[in-house]
Amino acid sequence: MSNDYFNHTNRAAPQTLVRSKFFNDVMDLVVTGFGRLFGLEDFYTARTDYAIDSGAADAYVLTYARGKPPAAYLDGMQVRFRPGATNTGASTVNVHGLGAVAVTRANGDALSAGDLVVGQSVVLEYDGTRFKLLNRGEVGPTGTVSAAGDGSVSAPGFAYALDPDTGFYRAGSGEQRVAADGADQFVMIRPSQSEAEAGADNFRPMTSLRVYEQQTARIASLAEAQAGTAAAKILSPQRVQQWFDFHHASDAEAAAGTASEKWMSPARVAGVLSHQRIATQEITSAVSAVEFTTGLDDAFDSYMLLIDRLVKSGSAFLQLRTGNGAFDSGASDYDWYNAQGNGATSSDPAASEINLTRTSVVSTAIHTGVLHISRARDASTHTYITGQMENSIGNQTVYAVAGVRVANAVIDRVQVLVSAGTLDSGRVTLIGVRI
């Protein structure tokens with residue numbers, strides 16, 4: 001009788017006595033055979049295929065802890081062990097002296113660094129050619145993570161450098177992360193930025209940072225937005241504003257007429273025109289004066305006043321005043337001269353206002369004219385008022401008007417008024433002039 005557990009070929013003859021030594025030898029063989037069987041403890045702890053590693057990283061040497069080892073590698077046989085060292089790349093295993101055999105991942109790929117982790121249980125299955133790793137985890141090395149003075153950290157089998165922009169520690173190709181938050185230190189596999197941007201690797205989760213990086217990669221850069229390239233990308237609100245700013249002509253470009261590929265806003269268009277209407281006042285009911293107190297600023301060098309079909313309530317002079325901060329009220333603020341088409345003239349070298357008509361004109365007169373207020377923004381010289389007025393009372397009378405504000409000042413307001421009564425109808429427009 002012979003098998004893996006009991007071997008006895010010297011059988012006693014039937015109906016014969018045997019010596020005690022023969023009997024004891026047989027019993028010793030029986031005991032040895034039972035010793036080769038797995039005990040209850042082995043079944044309870046699943047140690048029937050457990051082996052002890054005595055090799056080194058990438059070259060593991062295994063010896064079965066209990067039972068009789070196989071005589072050769074068998075298709076489908078499994079072995080469990082705890083590596084004595086973490087692998088650094090492709091690895092082999094030699095089980096009970098049967099010869100070194102390659103260890104691969106379940107899909108046949110060679111092992112990568114960290115697939116076999118020191119102290120962690122590993123299950124291998126032989127497929128007739130190699131041992132395949134059945135329980136490759138997604139969790140990296142465990143142990144104490146220690147920090148160095150330069151901000152880097154190290155863990156068993158890995159070294160990480162601190163990324164100050166994200167607060168993560170990066171390892172290797174940048175696909176692994178370790179969070180250093182006190183005692184809860186761990187390593188998790190995350191997709192790389194290139195994988196996230198390409199939408200590759202559907203089985204690895206993305207952190208909020210990786211989602212942000214993915215979305216950021218899909219936003220056109222400023223150069224792409226300005227050039228109109230990268231059609232597959234989107235424009236953020238900030239990028240849209242930057243695009244408009246880039247294609248919007250500056251004041252200098254608008255004034256010079258350059259940058260023909262750029263556009264101009266209404267304000268920019270108005271900014272390059274020599275004349276710009278500041279305000280128009282329609283008189284629909286009796287008023288004592290028409291006043292312009294806003295819009296007279298350094299955007300203009302001088303002003304034009306357009307008086308259109310102005311009618312007053314009684315016989316009176318049509319007049320004009322300016323001012324800085326307030327309308328002039330002095331008795332001798334102006335020096336003016338007025339000449340009628342028939343040669344008649346009138347003047348006043350020290351007046352409180354400028355008369356736009358030579359004489360007091362009756363209420364039925366309709367006044368129309370154009371006045372130019374020059375050097376209004378130059379505080380170093382006088383402000384001059386020149387122009388032409390016309391009134392109609394059955395026939396037309398034309399006046400040439402010339403006046404000067406005696407005191408130098410920057411003019412920020414203009415007033416049209418009458419010496420008595422009110423202005424009842426008509427329209428007055430103030431235009432800013434750039435030189």
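## Salt bridges in the model

A salt bridge is a side-chain nitrogen of Lys or Arg within 4 Å of a carboxyl oxygen of Asp or Glu. By this criterion, the structure holds 8 salt bridges.

The model is predicted: local features need pLDDT of at least 70, side-chain atom pairs count only at pLDDT 80 or more, and totals for chains, interfaces and linings use all residues. Residues are numbered from 1 along each chain as its sequence is written, and side-chain values use heavy atoms, with hydrogens and water left out.

## A buried pair

Arginine 105 and aspartate 115 form a salt bridge through their side chains, at 2.8 Å from N to O. Strands (E, at least two residues) are DSSP runs, numbered from the N terminus. Aspartate 115 and arginine 105 are both buried; buried means under 20% relative accessible area, exposed over 50%, and partly exposed in between (1.4 Å probe, protein chains only).

## Links between distant parts

In the salt bridge of arginine 427 with glutamate 282, the closest N and O atoms are 3.2 Å apart. This pair connects strand S25 (residues 423-433), which holds arginine 427, with strand S14 (residues 275-283), which holds glutamate 282, across 145 residues. Arginine 427 is partly exposed at 34% relative accessibility, whereas glutamate 282 is exposed at 51%.

Arginine 377 pairs with aspartate 298, with the closest N and O atoms 2.9 Å apart. Arginine 377 lies in the loop between strands S21 (366-374) and S22 (383-392), and aspartate 298 in the loop between strands S15 (289-292) and S16 (302-312), so parts 79 residues apart in sequence are tied together. Aspartate 298 is exposed, its relative accessible area being 65%.

Methods
Helices (H or I, at least four residues) and strands (E, at least two) are DSSP runs, numbered from the N terminus.
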